[in-house]
Amino acid sequence: MTKTVAMEKMLNKADLAAWMGKLDSHRLFSPALEDEDVWNYMPVEEAAKVLLNHPNTVRPPKGFVFPQREVLYEYSQVPGEAPVLNETLPDPAPAVVFGVRPCDSRGLVRQDIVFTKEYEDPYYQGRRAKVIYVGQACNQPPSPNCFCMSVGGSPCAEDGLDVLMTELDGKYHVKALTPRGSELLAKGGELFKDAQAADKAAVEKAHASAKAHPQRPIKDLGKVAGALKANFDSPAWDEMAKACIGCGICTFLCPTCHCFDISDEVKCSSPCKGERVRTWDSCQFPDFTMHTSGHNPRETLGSRLRQRVCHKFLYFVENHDTQQCTGCGRCVSLCPVGIDIVSVVERLGQP
Amino acid sequence: MSQNAYLPKLGRIAAIKEEVAGARAIKTFRIEFVNGDGFEHDCGQCAMISVFGKGESMISIASAPHVKDYKQFSIMRTGRVTTALHDLNVGDVVGVRGPYGNKFPVKDWKGKNLIFIGGGCGLAPIWPVVQTAVNERRQFGNITVFYGGRSSRDIMYRNELEKLKGDVDVHLSIDAQEEGWDGYCGFVPANVMTKAPKADNAIAITCGPPIMIKYVIQNLKELGFEDDMIYTTIENKMKCGIGKCGRCNVGKDYVCVNGPVYSWAALKDLPQEY
């Protein structure tokens with residue numbers, strides 16, 4: 001493979017809408033204020049209103065490729081006859097998602113691992129091929145609970161992105177990272193000017209300053225997996241999980257959590273007609289692991305908190321040599337009872 | 001040909017045998033793939049069986065890999081899907097996808113004595129190994145089957161076990177004495193101890209209720225079996241079968257991919273979350 005030099009361009013902030021206007025072959029999404037203090041990805045209706053001045057969204061962008069509910073296939077069966085199955089593989093129109101924070105794009109890379117290892121997942125792949133991610137470096141940490149740097153990321157990480165934008169004074173530094181990203185910039189034509197040495201120096205400075213912001217630290221990341229293993233039977237799991245109400249928010253809003261349920265939604269009982277669907281599920285729910293017999297391998301809150309933390313900081317590391325947490329801080333900020341994964345790792349994941 | 005792992009193939013129920021009646025009813029379903037669109041499997045592997053409108057259940061394949069015309073599944077009526085399966089008739093069509101999971105390393109066991117220890121419906125997952133060993137009888141040393149049910153009515157594969165005699169030493173047990181029962185009375189682990197199979201050049205393969213497995217392993221250790229001479233299968237709730245839905249995750253393993261077959265040497269390193 002020939003290594004292509006990343007394309008670095010400059011775009012006036014005022015020209016963002018014009019660029020978006022040239023991307024009408026794609027569906028466009030960007031973070032927008034959905035409710036008071038609630039930012040989420042929404043379809044771009046008026047490009048001029050897109051400001052890209054958002055903190056992080058409440059929901060991560062994983063739903064574009066792994067929707068909360070997805071029909072796997074439709075079935076119909078007349079009694080006594082063979083069922084007829086209608087495969088419903090997704091074939092979405094191409095989309096561009098703007099404003100993706102680097103923690104979330106790193107989350108996407110982890111989703112890619114899960115959905116392509118051993119068996120490919122055609123539903124995930126079908127959507128993934130159609131979504132282009134335009135990231136936005138975090139010049140300021142979007143949340144006091146950010147800890148991307150503590151889990152090997154950075155506010156200007158490029159993993160999983162097709163384009164990385166960095167806001168500079170009145171301009172965006174726009175870096176194409178993949179061929180898809182380069183094509184997207186090419187569509188902007190004259191709107192983009194080549195980044196000059198001074199621009200490159202400015203963006204480096206902005207990134208260095210972004211990285212200098214203090215974040216919640218995890219002292220010795222390399223030793224966390226081993227320490228969690230050693231502390232597997234610690235009574236502290238139960239203690240730290242005591243307040244948990246099992247709402248599952250920590251997993252639903254996590255950019256890396258991928259667990260799902262598969263169930264039949266019946267539309268008509270005779271003839272039997274319906275859809276086999278998959279929906280997000282959570283290891284924090286007691287029936288997630290409950291056997292039909294009633295036996296439940298993880299029946300306590302503590303064992304379920306341990307599963308969430310160990311899956312991210314121990315098992316995923318054992319299997320894929322990287323953490324399955326990208327430090328977005330959502331599970332910390334949005335937990336209704338204040339369970340804090342960084343505190344848990346500090347307490348049980350340090351030698 | 002679709003590469004969609006979630007889409008089942010269709011299988012017609014060719015025969016249904018009632019193994020055990022009553023509250024813990026077990027039926028054996030012989031399923032033939034429709035239009036020859038099937039798959040091959042190894043000993044120990046499982047398949048996801050669909051009853052459309054109800055859902056899917058992961059069931060171990062109870063027939064041996066050398067049987068190509070059909071697959072058998074022995075299923076206890078327990079939940080929504082298995083109850084729906086029990087209500088089906090010969091000729092009905094279900095969905096089958098798989099095969100899933102690892103396998104018993106039967107090839108490595110040639111020349112060895114095989115000791116099978118099963119309880120309840122736990123005979124089904126190890127049954128393909130029994131069938132394979134009998135099919136290639138001269139390749140293996142002594143073959144012994146210990147199997148027990150709560151009562152004589154809970155003994156599955158009754159006729160098949162009877163037919164094994166001659167090729168295989170069969171030791172049946174029931175929990176409490178019944179009139180006319182000439183086998184052992186008591187629990188399976190105790191029955192094993194009465195015969196005290198030798199650990200030399202042997203492999204023990206056990207499956208049954210967790211409490212049985214616990215004491216079987218304890219007893220086997222006492223008889224001198226090393227951890228890597230003891231094999232069992234574990235089960236966990238499963239939805240996808242391909243290591244993605246997260247349900248069956250135990251430690252770094254997904255039981256649907258890395259299991260269900262474990263040597264005790266491997267299993268004792270996993271968290272006990274199964």
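This is a predicted model: local features need pLDDT of at least 70, side-chain atom pairs count only at pLDDT 80 or more; totals for chains, interfaces and linings use all residues.

1. The contact between the two chains draws 41 residues from chain A and 34 residues from chain B, two residues being in contact if their C-beta atoms, placed from the backbone, lie within 7 Å. On the side of chain A that touches chain B, at least two residues each come from strand S4 (69–77), strand S5 (84–87), helix H2 (102–116), strand S11 (260–269), strand S12 (272–280) and helix H9 (301–320) of chain A; helices (H or I, at least four residues) and strands (E, at least two) are DSSP runs, numbered from the N terminus. S11(A) gives the largest share of that side, seven residues. By class, the side of chain A that touches chain B comprises 22 nonpolar, 11 polar and eight charged residues, where Ala, Val, Leu, Ile, Met, Phe, Trp, Tyr, Cys and Pro count as nonpolar, Asp, Glu, Lys and Arg as charged, and the others, Gly among them, as polar.

2. Residues are numbered from 1 along each chain as its sequence is written, and chains are lettered from A and ligands numbered from 1 in the order in which they are written.

3. Chain A is divided into domain 1 (7–62 + 86–212) and domain 2 (221–259 + 283–348), with bounds that come from an automatic or database domain assignment. The C-alpha centres of domain 1 of chain A and domain 2 of chain A are 28 Å apart, and their contact takes 22 residues from domain 1 of chain A and 17 residues from domain 2 of chain A. The side of domain 1 of chain A that touches domain 2 of chain A has nine nonpolar, eight polar and five charged residues.

4. How many residues of H2(A) are buried? Of its 15 residues, 11 are buried, and H2(A) is thus described as mostly covered; a residue is buried if 20 or more other C-beta atoms lie within 10 Å of its own, exposed if 12 or fewer, and partly exposed in between, with C-beta atoms placed from the backbone. Among the buried residues are Asp104(A), Arg106(A) and Arg110(A), together with Leu108(A), Val114(A) and Phe115(A). What covers the buried residues of H2(A) includes S6, helix H3 (122–128) and S7 of chain A. The length of H2(A) agrees with expectation, because 15 residues at 1.5 Å a residue should span 21 Å and the end C-alpha atoms are 21 Å apart; the expected span is 1.5 Å times one less than the number of residues. After H2(A) comes Glu118(A), with a positive phi near 55°.

5. Strand S6 (residues 95–100) of chain A is likewise mostly covered, with five of its six residues buried. Strand S2 (residues 27–35) of chain A pairs with S6(A) in the parallel sense over three bridges, two strands being paired if DSSP finds at least two bridges between them, and here Arg27(A) stands opposite Ala95(A). S6(A) also pairs in the parallel sense with strand S7 (residues 131–136) of chain A, over four bridges, and Ile132(A) in S7(A) is the bridge partner of Val96(A).

6. In chain B, strand S2 (residues 26–33) is largely enclosed by the rest of the structure, because six of its eight residues are buried. Strand S1 (residues 9–20) of chain B pairs with S2(B) in the antiparallel sense over eight bridges, with Ala15(B) opposite Arg30(B). S1(B) and S2(B) form a hairpin with five residues between them, and Gly22(B) in the turn has a positive phi of about 90°. S2(B) also pairs in the antiparallel sense with strand S5 (residues 71–76) of chain B, over six bridges.

7. Seven strands of chain B form an open sheet of mixed pairing, in the order S10-S9-S8-S7-S11-S12-S15, and its edge strands are strand S10 (184–185) and strand S15 (261–263) of chain B, each of which pairs on one side only. Strand S12 (residues 230–233) of chain B runs antiparallel to S15(B), joined by three bridges, and Thr232(B) stands opposite Tyr262(B).

8. Chain B is divided into domain 1 (9–100) and domain 2 (106–233), whose centres, taken over C-alpha atoms, are separated by 24 Å. In their contact, 17 residues of domain 1 of chain B meet 15 residues of domain 2 of chain B.
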